[in-house]
Amino acid sequence: MDIAVLVKQSLDVQELRVDQDTGKIYIEDAPTKAGDIELNATEEAVRLKEKLGGKAIAIMLSTWGSSGKRQKEAREALTRVLAMGLDGAVLIMGEGAEKGDTYVIAKALAGEIRDKFRLVLAAEGSEDNFSGLLPARLAAELGWPYVAYATAIEVEGDYVKVTRSLEDFEEVVKVKLPAVISVTQEINKPRVPKLVEIVKAKKKPMDQKDFSPPVEPKLVIRELKVPKVERKQIVIEGDVEEAAEKLIQALKEEGVL
């Protein structure tokens with residue numbers, strides 16, 4: 001069974017710089033990488049491939065521009081997941097991709113996935129914006145069932161049994177393949193590739209394709225900025241017991257307790 005793993009080129013949010021006066025985010029300067037939950041999706045794809053056979057391929061549609069810097073980062077991110085055991089990768093990037101909303105990206109990915117794969121694994125949300133919309137939109141474009149928040153996946157013939165984590169309980173569902181499933185970080189612990197696996201990953205096939213917008217976007221992002229938060233600058237003084245009582249009282253007054 002061939003599996004596609006959606007790997008987003010996410011901004012490294014730990015490295016983002018923000019103008020404290022205007023809230024502007026310097027996105028162009030921020031490095032990108034494969035998101036942490038994409039590593040969980042990769043690990044699960046490799047585990048299923050090792051058990052069931054077939055191939056597992058990473059698919060990335062880069063939306064942070066097509067400069068040499070972004071292209072290098074995208075290929076490094078894909079090499080990271082290839083080193084974990086995926087068989088190959090497809091990198092889609094080009095002019096206009098940075099303006100693509102989820103509607104555009106899902107249609108473009110559907111064209112790459114349809115008739116080639118039986119299962120698509122994705123993160124429950126990306127590391128930079130965590131909208132969690134893309135897997136559901138992709139499933140709708142493909143006409144496949146979609147299951148979110150998977151913490152365990154078992155393939156049984158033409159069906160896949162998924163344990164999904166909801167707020168206060170777990171739910172076990174079974175859907176017919178082909179299907180799209182988004183996973184949580186609780187599903188597994190991603191393996192750490194050895195040096196020899198990283199070296200081998202650089203020799204695995206990575207097919208780069210030009211992005212061509214299949215439709216016009218329905219959503220246009222005009223500006224990204226960090227909301228300004230005014231701190232109350234409250235200083236609590238006293239010995240430990242006195243300070244603790246004052247802190248509790250202050251939290252109650254704020255409605256936190």
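1. Ground rules first. The model is predicted, so local features need pLDDT of at least 70 and side-chain atom pairs count only at pLDDT 80 or more, while totals for chains, interfaces and linings use all residues. Residues are numbered from 1 along each chain as its sequence is written, and side-chain values use heavy atoms, with hydrogens and water left out.

2. Start with H1, residues 36-52. Helices here are DSSP runs of H or I with at least four residues, strands are E runs of at least two, and both are numbered from the N terminus. Twelve of the 17 residues of H1 are buried (under 20% relative accessible area, with exposed over 50% and partly exposed in between, using a 1.4 Å probe and protein chains only). Just past the helix, Gly53 has a positive phi of about 85 degrees.

3. H3 (residues 102-113) is also mostly covered, with nine of its twelve residues buried. Among them are Tyr103, Val104, Leu109, Glu112 and Ile113. The cover includes strands S1, S4, S5, S6 and S11, along with H4. After H3 comes Asp115, with a positive phi near 70 degrees.

4. Now the H3 and H4 pair. Their axes are 8 Å apart and the packing angle is about 55 degrees (axes are lines fitted to C-alpha atoms, for helices over the stretch in contact, and angles run from 0 to 180 degrees between N-to-C directions). That makes H3 oblique to H4; under 35 degrees would be roughly parallel, over 145 roughly antiparallel, 65 to 115 roughly perpendicular, and the rest is oblique. From H3, the contact (heavy atoms within 4.5 Å) involves residues including Thr102, Ile105, Lys107 and Leu109, and from H4 residues including Leu134, Arg137 and Glu141. By class, it has nine nonpolar, one polar and three charged residues (nonpolar being Ala, Val, Leu, Ile, Met, Phe, Trp, Tyr, Cys and Pro, charged being Asp, Glu, Lys and Arg, and polar the others, Gly among them).

5. Last, have a look at Asp87, in the loop between H2 (68-82) and S5. Asp87 counts as partly exposed because its relative accessibility is 26%. Lys204 is 117 residues away along the chain, yet the two C-alpha atoms are separated by 6.8 Å. Leaving aside neighbours within four places in sequence, the contacts of Asp87 include Lys49, Lys55, Lys204 and Pro205.

How values were computed: The expected span of a helix is 1.5 Å times one less than its number of residues.
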